[in-house]
Amino acid sequence: MDVTEFSVYTALALEARKKLIELLLRQDKEIREIFEKAADDLAKKIRRLEQAGQTSRIPALLETKLAENAAEIEASLKRLFDEGFEISVEAGMHQSKQATLRILNKARIDWKPIERVYFRKHTAAIETMQTRVLKGLTLSDRIWGQSRVARQSMGAIIQEAIAAGEHPYRVAEMLEGYVRNGAKTLVSQYPNMIERLEGNIPMDMSYESLRLARTEMAAAFGEAARQAAEVNPSNTGMKWSTSNGGNTCDKCKDIAVHDSGLGPGVYQLHELPDYPAHPNCLCVLSEVVEDMDDFVDRLIEWNHNPLAHQDIERWYQNIYKGGMIS
Ligand SMILES: [Zn+2]
(Lines give C-alpha, C1' and ligand atoms only; values in the text may rest on other atoms or scores of the structure.)
Protein backbone atom coordinates (compact mmCIF):
# COMPACT_ATOMS: atom_id res chain seq x y z
CA MET A 1 0.00 0.00 0.00
CA ASP A 2 1.65 3.23 -1.07
CA VAL A 3 1.18 6.64 0.51
CA THR A 4 -1.26 7.99 -2.08
CA GLU A 5 -3.56 5.03 -1.86
CA PHE A 6 -3.50 5.09 1.92
CA SER A 7 -4.54 8.70 1.94
CA VAL A 8 -7.26 8.21 -0.69
CA TYR A 9 -8.95 5.45 1.30
CA THR A 10 -8.35 7.12 4.64
CA ALA A 11 -9.73 10.42 3.36
CA LEU A 12 -12.84 8.69 1.98
CA ALA A 13 -13.35 6.79 5.26
CA LEU A 14 -13.02 10.01 7.25
CA GLU A 15 -15.47 11.82 4.99
CA ALA A 16 -17.97 8.99 5.41
CA ARG A 17 -17.51 9.01 9.17
CA LYS A 18 -17.96 12.78 9.28
CA LYS A 19 -21.25 12.54 7.35
CA LEU A 20 -22.57 10.00 9.86
CA ILE A 21 -21.47 11.91 12.97
CA GLU A 22 -22.90 15.19 11.65
CA LEU A 23 -26.17 13.43 10.94
CA LEU A 24 -26.33 11.98 14.47
CA LEU A 25 -25.67 15.36 16.06
CA ARG A 26 -28.27 17.09 13.90
CA GLN A 27 -30.86 14.41 14.61
CA ASP A 28 -30.25 14.64 18.37
CA LYS A 29 -31.24 18.27 18.17
CA GLU A 30 -34.18 17.67 15.82
CA ILE A 31 -35.61 14.89 17.97
CA ARG A 32 -35.50 17.07 21.08
CA GLU A 33 -37.29 19.77 19.07
CA ILE A 34 -40.04 17.36 17.97
CA PHE A 35 -40.88 16.56 21.60
CA GLU A 36 -40.48 20.15 22.75
CA LYS A 37 -42.86 21.33 20.07
CA ALA A 38 -45.42 18.73 21.16
CA ALA A 39 -45.24 19.84 24.80
CA ASP A 40 -45.26 23.51 23.86
CA ASP A 41 -48.37 23.05 21.70
CA LEU A 42 -50.17 21.46 24.61
CA ALA A 43 -49.02 24.16 27.00
CA LYS A 44 -50.27 26.82 24.60
CA LYS A 45 -53.64 25.08 24.32
CA ILE A 46 -53.95 24.90 28.12
CA ARG A 47 -53.22 28.64 28.50
CA ARG A 48 -55.71 29.49 25.80
CA LEU A 49 -58.45 27.45 27.45
CA GLU A 50 -57.73 29.12 30.78
CA GLN A 51 -57.89 32.56 29.20
CA ALA A 52 -61.22 31.67 27.59
CA GLY A 53 -62.56 30.71 31.01
CA GLN A 54 -62.85 27.06 30.01
CA THR A 55 -60.63 25.56 32.70
CA SER A 56 -63.19 22.86 33.51
CA ARG A 57 -63.14 21.67 29.91
CA ILE A 58 -59.35 21.26 29.82
CA PRO A 59 -59.21 17.47 30.45
CA ALA A 60 -61.82 16.62 27.81
CA LEU A 61 -60.44 18.94 25.15
CA LEU A 62 -56.93 17.80 25.80
CA GLU A 63 -57.79 14.21 24.98
CA THR A 64 -58.34 15.20 21.34
CA LYS A 65 -55.31 17.46 21.36
CA LEU A 66 -53.13 14.70 22.84
CA ALA A 67 -54.16 12.30 20.09
CA GLU A 68 -53.40 14.87 17.39
CA ASN A 69 -50.13 15.60 19.08
CA ALA A 70 -49.08 11.95 19.14
CA ALA A 71 -49.91 11.61 15.46
CA GLU A 72 -47.73 14.63 14.74
CA ILE A 73 -44.82 13.21 16.75
CA GLU A 74 -45.16 9.94 14.88
CA ALA A 75 -45.18 11.66 11.47
CA SER A 76 -42.22 13.89 12.37
CA LEU A 77 -40.14 10.99 13.64
CA LYS A 78 -41.02 8.94 10.57
CA ARG A 79 -39.83 11.77 8.34
CA LEU A 80 -36.65 12.19 10.38
CA PHE A 81 -35.78 8.50 10.09
CA ASP A 82 -36.51 8.38 6.35
CA GLU A 83 -34.37 11.45 5.66
CA GLY A 84 -31.68 10.11 7.96
CA PHE A 85 -31.52 6.75 6.17
CA GLU A 86 -30.84 8.53 2.87
CA ILE A 87 -27.84 10.24 4.42
CA SER A 88 -26.51 7.36 6.53
CA VAL A 89 -26.76 4.90 3.63
CA GLU A 90 -24.99 7.34 1.34
CA ALA A 91 -22.29 7.80 3.98
CA GLY A 92 -21.94 4.03 4.39
CA MET A 93 -21.43 3.59 0.65
CA HIS A 94 -19.19 6.61 0.21
CA GLN A 95 -15.80 4.95 0.61
CA SER A 96 -16.54 1.99 -1.65
CA LYS A 97 -18.34 3.97 -4.31
CA GLN A 98 -15.84 6.79 -4.67
CA ALA A 99 -12.88 4.40 -4.68
CA THR A 100 -14.48 2.10 -7.25
CA LEU A 101 -15.39 4.95 -9.58
CA ARG A 102 -11.81 6.20 -9.30
CA ILE A 103 -10.36 2.75 -10.02
CA LEU A 104 -12.56 2.24 -13.09
CA ASN A 105 -11.77 5.71 -14.31
CA LYS A 106 -8.04 5.04 -14.00
CA ALA A 107 -8.42 1.80 -15.97
CA ARG A 108 -10.60 3.61 -18.53
CA ILE A 109 -13.57 1.36 -17.99
CA ASP A 110 -17.11 2.77 -18.23
CA TRP A 111 -18.21 3.47 -14.65
CA LYS A 112 -21.87 4.17 -15.41
CA PRO A 113 -23.03 0.55 -15.00
CA ILE A 114 -21.38 0.35 -11.59
CA GLU A 115 -22.94 3.62 -10.53
CA ARG A 116 -26.32 2.06 -11.30
CA VAL A 117 -25.40 -0.95 -9.16
CA TYR A 118 -24.57 1.39 -6.24
CA PHE A 119 -27.85 3.17 -6.75
CA ARG A 120 -29.72 -0.14 -6.49
CA LYS A 121 -27.75 -1.12 -3.40
CA HIS A 122 -28.65 2.23 -1.88
CA THR A 123 -32.35 1.55 -2.41
CA ALA A 124 -31.98 -2.01 -1.12
CA ALA A 125 -30.16 -0.91 2.04
CA ILE A 126 -32.87 1.63 2.85
CA GLU A 127 -35.55 -0.97 2.31
CA THR A 128 -33.72 -3.40 4.59
CA MET A 129 -33.63 -0.77 7.32
CA GLN A 130 -37.27 0.21 6.94
CA THR A 131 -38.57 -3.34 7.01
CA ARG A 132 -36.26 -5.14 9.42
CA VAL A 133 -37.87 -6.64 12.49
CA LEU A 134 -36.08 -6.50 15.84
CA LYS A 135 -37.56 -8.38 18.80
CA GLY A 136 -40.83 -8.64 16.91
CA LEU A 137 -41.09 -4.93 16.17
CA THR A 138 -40.61 -3.01 12.95
CA LEU A 139 -39.24 0.51 12.94
CA SER A 140 -42.79 1.86 12.40
CA ASP A 141 -43.95 -0.05 15.48
CA ARG A 142 -41.13 1.49 17.51
CA ILE A 143 -41.83 4.99 16.29
CA TRP A 144 -45.51 4.55 17.05
CA GLY A 145 -44.52 3.28 20.51
CA GLN A 146 -42.46 6.43 21.10
CA SER A 147 -45.38 8.69 20.19
CA ARG A 148 -47.62 6.68 22.48
CA VAL A 149 -45.24 7.05 25.45
CA ALA A 150 -45.13 10.80 24.82
CA ARG A 151 -48.91 10.98 24.73
CA GLN A 152 -49.29 8.95 27.92
CA SER A 153 -46.61 10.88 29.82
CA MET A 154 -47.96 14.28 28.92
CA GLY A 155 -51.51 13.08 29.55
CA ALA A 156 -50.52 11.72 32.96
CA ILE A 157 -48.78 14.95 33.98
CA ILE A 158 -51.79 17.05 32.99
CA GLN A 159 -54.22 14.74 34.75
CA GLU A 160 -52.22 14.51 37.97
CA ALA A 161 -51.52 18.23 38.07
CA ILE A 162 -55.14 19.16 37.57
CA ALA A 163 -56.26 16.60 40.12
CA ALA A 164 -53.75 18.10 42.58
CA GLY A 165 -55.40 21.49 42.05
CA GLU A 166 -52.54 23.15 40.17
CA HIS A 167 -53.38 26.28 38.23
CA PRO A 168 -53.52 25.66 34.44
CA TYR A 169 -50.56 28.00 33.94
CA ARG A 170 -48.51 25.83 36.29
CA VAL A 171 -49.61 22.74 34.38
CA ALA A 172 -48.41 24.35 31.16
CA GLU A 173 -45.08 25.19 32.79
CA MET A 174 -44.70 21.64 34.03
CA LEU A 175 -45.06 20.27 30.51
CA GLU A 176 -42.52 22.72 29.15
CA GLY A 177 -40.13 21.95 31.99
CA TYR A 178 -40.52 18.19 31.79
CA VAL A 179 -39.74 17.94 28.08
CA ARG A 180 -36.66 20.15 28.47
CA ASN A 181 -35.18 19.15 31.80
CA GLY A 182 -36.68 15.73 32.45
CA ALA A 183 -38.66 14.38 35.37
CA LYS A 184 -35.86 15.05 37.89
CA THR A 185 -36.52 18.78 37.89
CA LEU A 186 -40.23 18.19 38.42
CA VAL A 187 -39.42 16.00 41.43
CA SER A 188 -37.88 18.92 43.30
CA GLN A 189 -40.69 21.32 42.35
CA TYR A 190 -43.68 19.01 42.79
CA PRO A 191 -42.54 16.23 45.15
CA ASN A 192 -45.98 14.83 45.99
CA MET A 193 -47.30 14.75 42.49
CA ILE A 194 -44.23 13.18 40.99
CA GLU A 195 -44.32 10.40 43.53
CA ARG A 196 -47.60 9.28 41.97
CA LEU A 197 -46.28 9.67 38.44
CA GLU A 198 -43.09 7.78 39.09
CA GLY A 199 -42.80 4.69 36.95
CA ASN A 200 -45.49 5.98 34.57
CA ILE A 201 -43.38 8.57 32.81
CA PRO A 202 -39.83 8.28 31.48
CA MET A 203 -37.21 10.44 33.18
CA ASP A 204 -36.41 11.93 29.76
CA MET A 205 -39.17 11.81 27.16
CA SER A 206 -36.78 12.07 24.19
CA TYR A 207 -34.24 9.53 25.43
CA GLU A 208 -35.58 6.36 23.79
CA SER A 209 -36.07 8.11 20.45
CA LEU A 210 -32.56 9.57 20.56
CA ARG A 211 -31.16 6.12 21.25
CA LEU A 212 -33.27 4.54 18.54
CA ALA A 213 -32.18 7.09 15.95
CA ARG A 214 -28.48 6.68 16.74
CA THR A 215 -28.73 2.91 16.59
CA GLU A 216 -30.75 2.84 13.37
CA MET A 217 -28.55 5.38 11.59
CA ALA A 218 -25.39 3.50 12.56
CA ALA A 219 -27.02 0.24 11.45
CA ALA A 220 -27.96 1.80 8.10
CA PHE A 221 -24.35 2.94 7.72
CA GLY A 222 -23.09 -0.58 8.47
CA GLU A 223 -25.61 -2.28 6.18
CA ALA A 224 -24.74 0.13 3.36
CA ALA A 225 -20.99 -0.24 3.91
CA ARG A 226 -21.25 -4.03 3.74
CA GLN A 227 -23.46 -4.00 0.65
CA ALA A 228 -21.28 -1.41 -1.07
CA ALA A 229 -18.09 -3.33 -0.32
CA GLU A 230 -19.49 -6.21 -2.40
CA VAL A 231 -19.49 -3.89 -5.40
CA ASN A 232 -15.86 -2.78 -5.05
CA PRO A 233 -13.81 -5.24 -7.13
CA SER A 234 -10.66 -4.51 -5.11
CA ASN A 235 -12.33 -5.25 -1.75
CA THR A 236 -10.79 -7.98 0.38
CA GLY A 237 -12.71 -7.45 3.61
CA MET A 238 -13.97 -5.05 6.22
CA LYS A 239 -12.08 -3.73 9.23
CA TRP A 240 -13.77 -3.07 12.56
CA SER A 241 -11.87 -0.59 14.73
CA THR A 242 -12.77 0.83 18.11
CA SER A 243 -13.01 4.61 18.29
CA ASN A 244 -10.47 6.63 20.23
CA GLY A 245 -12.91 7.28 23.03
CA GLY A 246 -10.95 5.15 25.49
CA ASN A 247 -14.03 3.65 27.12
CA THR A 248 -14.71 0.91 24.60
CA CYS A 249 -16.75 -1.97 25.94
CA ASP A 250 -15.36 -5.54 26.07
CA LYS A 251 -17.66 -6.70 23.29
CA CYS A 252 -16.29 -4.13 20.84
CA LYS A 253 -12.69 -4.71 21.97
CA ASP A 254 -13.12 -8.42 21.26
CA ILE A 255 -14.57 -7.77 17.81
CA ALA A 256 -11.73 -5.37 16.97
CA VAL A 257 -8.94 -7.79 17.93
CA HIS A 258 -10.52 -10.99 16.59
CA ASP A 259 -8.32 -12.44 13.86
CA SER A 260 -9.72 -15.04 11.48
CA GLY A 261 -6.60 -14.97 9.34
CA LEU A 262 -7.01 -11.59 7.66
CA GLY A 263 -5.54 -9.55 10.52
CA PRO A 264 -6.97 -8.15 13.76
CA GLY A 265 -10.52 -6.87 13.34
CA VAL A 266 -10.59 -7.72 9.62
CA TYR A 267 -13.55 -9.79 8.45
CA GLN A 268 -14.79 -11.28 5.23
CA LEU A 269 -17.98 -9.46 4.28
CA HIS A 270 -20.30 -12.33 5.18
CA GLU A 271 -18.58 -12.76 8.55
CA LEU A 272 -18.75 -9.14 9.64
CA PRO A 273 -20.51 -8.89 13.04
CA ASP A 274 -23.68 -6.80 13.23
CA TYR A 275 -22.87 -3.12 13.38
CA PRO A 276 -23.41 -1.29 15.69
CA ALA A 277 -22.55 -3.87 18.35
CA HIS A 278 -24.79 -2.06 20.85
CA PRO A 279 -26.65 1.27 21.15
CA ASN A 280 -24.25 4.22 21.07
CA CYS A 281 -21.44 2.05 19.68
CA LEU A 282 -18.97 4.43 18.06
CA CYS A 283 -16.75 1.85 16.40
CA VAL A 284 -15.45 2.52 12.90
CA LEU A 285 -16.00 0.31 9.86
CA SER A 286 -13.72 0.65 6.88
CA GLU A 287 -12.91 -1.31 3.77
CA VAL A 288 -9.80 -3.40 3.32
CA VAL A 289 -8.65 -3.34 -0.29
CA GLU A 290 -5.98 -4.47 -2.67
CA ASP A 291 -3.29 -1.88 -3.47
CA MET A 292 -5.03 0.59 -5.76
CA ASP A 293 -2.28 0.90 -8.41
CA ASP A 294 -1.69 -2.86 -8.52
CA PHE A 295 -5.38 -3.40 -8.89
CA VAL A 296 -5.73 -0.84 -11.68
CA ASP A 297 -2.91 -2.68 -13.51
CA ARG A 298 -4.75 -5.99 -13.11
CA LEU A 299 -7.98 -4.39 -14.28
CA ILE A 300 -6.29 -3.10 -17.44
CA GLU A 301 -4.81 -6.56 -18.07
CA TRP A 302 -8.20 -8.18 -17.57
CA ASN A 303 -9.81 -5.67 -19.93
CA HIS A 304 -7.45 -6.92 -22.66
CA ASN A 305 -7.73 -10.53 -21.68
CA PRO A 306 -10.67 -11.62 -19.45
CA LEU A 307 -8.94 -14.92 -18.73
CA ALA A 308 -6.01 -13.17 -17.09
CA HIS A 309 -7.82 -12.45 -13.82
CA GLN A 310 -10.68 -14.72 -12.92
CA ASP A 311 -11.68 -12.82 -9.78
CA ILE A 312 -12.24 -9.69 -11.85
CA GLU A 313 -14.09 -11.66 -14.51
CA ARG A 314 -16.41 -13.01 -11.77
CA TRP A 315 -16.99 -9.45 -10.52
CA TYR A 316 -17.75 -8.37 -14.08
CA GLN A 317 -20.24 -11.20 -14.65
CA ASN A 318 -21.95 -11.03 -11.26
CA ILE A 319 -21.83 -7.34 -10.36
CA TYR A 320 -20.84 -5.04 -13.19
CA LYS A 321 -23.06 -6.58 -15.87
CA GLY A 322 -26.06 -6.18 -13.56
CA GLY A 323 -25.77 -2.43 -14.07
CA MET A 324 -25.59 -2.60 -17.85
CA ILE A 325 -28.73 -1.67 -19.71
CA SER A 326 -29.48 -4.33 -22.29
ZN1 LIG B 1 -18.51 -0.40 19.45
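**Ground rules.** I number residues from 1 along each chain as its sequence is written. Since the model is predicted, local features need pLDDT of at least 70, side-chain atom pairs count only at pLDDT 80 or more, and totals for chains, interfaces and linings use all residues. I take helices (H or I, at least four residues) and strands (E, at least two) as DSSP runs, numbered from the N terminus.

**Entry 1: α2 against α8.** I looked up helix α2 (residues 58-106) and helix α8 (residues 207-229). Their axes come within 7 Å and cross at roughly 35°. Axes here are lines fitted to C-alpha atoms, for helices over the stretch in contact, with angles from 0 to 180 degrees between N-to-C directions. The α2 and α8 crossing is right-handed. That term applies if the near helix is turned clockwise from the far one by less than a right angle; anticlockwise is left-handed. I then listed the contacts (C-beta atoms, placed from the backbone, within 7 Å). From α2 they include L77, F81, F85, V89 and M93; from α8 they include A213, M217, A220, F221 and A224. By class, the residues of this contact divide into 14 nonpolar, six polar and three charged. Nonpolar covers Ala, Val, Leu, Ile, Met, Phe, Trp, Tyr, Cys and Pro; charged covers Asp, Glu, Lys and Arg; the others, Gly among them, are polar.

**Entry 2: α3 against α8.** Next I took helix α3 (residues 112-131). The axes of α3 and α8 come within 9 Å and cross at roughly 145°. This crossing is right-handed. Y118, K121, A124, A125, T128 and M129 of α3 meet E216, A219, A220, E223, A224, Q227 and A228 of α8. I count eight nonpolar, two polar and three charged residues in the α3 contact with α8.

**Entry 3: A124.** I stayed in α3 for A124. A124 counts as partly exposed because it has 14 C-beta neighbours inside 10 Å. The cut-offs are 20 or more other C-beta atoms within 10 Å for buried, 12 or fewer for exposed, and partly exposed in between, with C-beta atoms placed from the backbone. A124 and Q227 are 103 residues apart in sequence, yet 8.9 Å apart C-alpha to C-alpha.

**Entry 4: length of α4.** I checked helix α4 (residues 139-163). Its 25 residues should span 36 Å at 1.5 Å a residue, and its end C-alpha atoms are 36 Å apart, which agrees. The expected span is 1.5 Å times one less than the number of residues. Just after α4, G165 takes a positive phi of about 80°.

**Entry 5: the sheet.** I found an open sheet of three strands in the order β2-β1-β3, with antiparallel pairing. β2 and β3 stand at the edges, each with a single partner strand, so one side of each has no neighbour in the sheet. Pairing needs at least two DSSP bridges between strands. Strand β1 (residues 235-241) joins strand β3 (residues 284-289) over six bridges, and β1 joins β2 over two. K239 bridges to S286 in β3 and to V266 in β2. M238 has Y267 as its bridge partner in β2.

**Entry 6: G263.** I ended in the loop between α9 (250-257) and β2 (266-267), where G263 lies. G263 counts as exposed because it has 11 C-beta neighbours inside 10 Å. Its C-alpha atom is 8.9 Å from that of K239, 24 residues apart along the chain.

Technical notes: Contact = placed C-beta atoms within 7 Å.
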